[in-house]
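Work through the exercises below with the model open. Try each task before reading its solution.

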Amino acid sequence: MTERLRRALDARPRLTRWLLAGPGAVAAALLFAMAMPIWLPKGAAGIDNIVFPLILVPLIWAVVFVYACVEESLLRCVAVICGTAAVCGLTAAMAFTGWI
Amino acid sequence: MKSLSQSQLKRLTAVHGWSGTVLGLLLYAVVATGTVAVFAHEIAEWSVGGAKNHAPLAGDLDGKVRPIAERMTKGYLEEIAIWATAKGDLNVFPHAHARNPESGKIENYGTLFRLDGTTGAELARNEGFVFTKPEWFEASALEDFLVDLHVQLYVPRPWGLILTGILGLSMMAAGVTGFLMHRHLIRDLFVAARPGNRLVTARDRHVLAASWGLLFAFLLGFTGSFFSFAATVSLPLISQVAFGGDQKAMRETLYEPAVTPDPRPAALADLDAVIARSTALTGTPVRFLVVDHYGRADARINLWHMPPQGTLAWVRNVFDGTDGRFLGVKPRVGRQPSAGNALYELIWPLHTGDFAGPLSKAVWVGLGAAMCYVILSGMQLWVRRREEAALWRGFGRAVTITAYGLPFAMTAAAYGFFLSLPAADPFYWTPMGFVLGALACIAVGAFAGDGSGLIQRFRRLLGAACIVLPIVRMAMGGLDWADAVAQGQGAVLSFDLMFLVLGVLLFRWATRQPHGRPAGDPLPEPAE
């Protein structure tokens, strides 16, 4: 399974990297920021968990974008970015629906 | 730092080059207009001929505001916002919050009174969703246009903000990839451009300017994309998770101080006494004032002060509206000081350079101009490596036209503003002046000669526009220099002199051979 996925990704390296560094980086950054209010401490004024992700969105995007550009292994790149986005998206969805 | 492999460097070079090429012209537009907008307030003062009253919020403000508030219906007394225009007039805006059928959003609805800042005489009165009509509340159409052009490229919200946000991200991307591509950053900070007109000479100049501007580029891209995305994308998404989509709860937590509702009638404390107390506490003048719940026992007076000595952030003091008690300093976000607020308050001064008066603003203008050079030289470098192809030569010509056309169009916007002042609507003719100026430059670029002759023609055109502008300003009824000196209108004199000096320099520059050959003038050279 892993080998088949690797071969599929390596067959279209440019497209894969475009998707990861383009929409992938934007989606991962936004989902990561959306999940941050859940695990970040609220701080003295009860707002740090909202303000930090709000401010850090562009920085998070930059980190994901550069990672998508420099990572040699496309499989690892897909696993890290999609995995992070999926975990964060799930956490945010659970918080929104009141599960956590 | 671990060195990058050849394939990684190749990818980074492609990202650096293509992101600059695809978005470079728009990025240049945002950075160039932003560089000008750093002095937006001063441009406003210059364009309206200086402020008649430099401190309209001091003195007898209570006597000007209270009679207006007393004759308003209760609904409009939810908030009274008070601020001075660049002309030194006073805007007093009692208003409520209502849904605007055009935008579908809750906006400020009320009556805006424009008063003479000294006498308090009513100059104008307008009712409606005031902040959708800049001509009602702004003194300078030129300032309004330049700021709007920078913030959203004159594209309607939210698309303009999203576009400039993407450009901010592309600026960060160019900065980070440029940094990673540098293998000798310290050496590049002091690289001397190799002589001649070769490709390596252009590259050396680009690398030198980019190395010094690297941190600034990242900072501008980061803070700029924060401003663009925060309200349009990030906050709505984050508030869905943090507040379950409850906008009211979000506003109360982040922005509004806690007040226990008390609708019993009560007279408002003396505004002048509150302003004097607040100014004594903070040490800087009041720039903006909001009275919440005028005439009620739960009234609050909020005063925004410029950053005190040694600090970067504006200060908001809150007073009890009935007895004038000082209730404390309200942080920008949250109800008490926090790390999040400290970080939040840094973003504005870091983006605009508005923290140490004209000096810090001048540094930001210098760095902004350097960033413009980096963007343009990067695109020229990209084109010179590919100038055998007609398409890239055409792109190179577009770069030259935009490089000179944008500042010319901004100057033409100023002409539109001044020429329409006596008899027409400056809020229409200022953007129209920009469009006409841009079209003129495109026509010159499309039909005039090739090569360095085109650049020299643009320099002469821009130089002439700069030199004539102060004369047109005065001819249209603007303050002359003798009166400007007598009245202490520093902005008027400084900007006029700056335009004259800039014009002379451009004319002198036009007589010299340009360093970088325009791409429309191909010359074979080995790949370097």
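This is a predicted model: local features need pLDDT of at least 70, side-chain atom pairs count only at pLDDT 80 or more; totals for chains, interfaces and linings use all residues.

Residues are numbered from 1 along each chain as its sequence is written, while chains are lettered from A and ligands numbered from 1 in the order in which they are written.

**Exercise 1. Trace the open sheet of chain B and find its edges.**

Step 1. Read the strand order. Strands here are DSSP runs of E, at least two residues; helices are runs of H or I, at least four; both are numbered from the N terminus. The open sheet has 8 strands, ordered β4-β3-β2-β1-β5-β6-β7-β8, with antiparallel pairing. Two strands pair if DSSP finds at least two bridges between them.

Step 2. Find the edges. β4 (122–128) and β8 of chain B each have a single partner strand, so one side of each lacks a neighbour in the sheet.

Step 3. Neighbouring strands are turned by 20° against each other on average, direction ignored. Axes are lines fitted to C-alpha atoms, for helices over the stretch in contact; angles run from 0 to 180 degrees between N-to-C directions.

**Exercise 2. Describe how β7(B) and β8(B) are joined.**

Step 1. Take the pairing. β7 (residues 315–320) and β8 (residues 326–329) of chain B are antiparallel over 3 bridges. One bridge partner to locate in β8(B) is B:Gly328, which faces B:Val318.

Step 2. Inspect the turn. The two strands form a hairpin with 5 residues between them. There, B:Gly324 has a positive phi of about 70°.

**Exercise 3. Which helices of chain A supply at least two residues of the side that touches chain B?**

Step 1. Count the contact. Chain A puts in 29 residues and chain B 38. Residues are in contact if their C-beta atoms, placed from the backbone, lie within 7 Å.

Step 2. Name the helices. They are α2 (13–39), α3 (48–70) and α4 (74–96) of chain A. α3(A) gives the most, with 16 residues.

Conventions:
Two residues are in contact if their C-beta atoms, placed from the backbone, lie within 7 Å.
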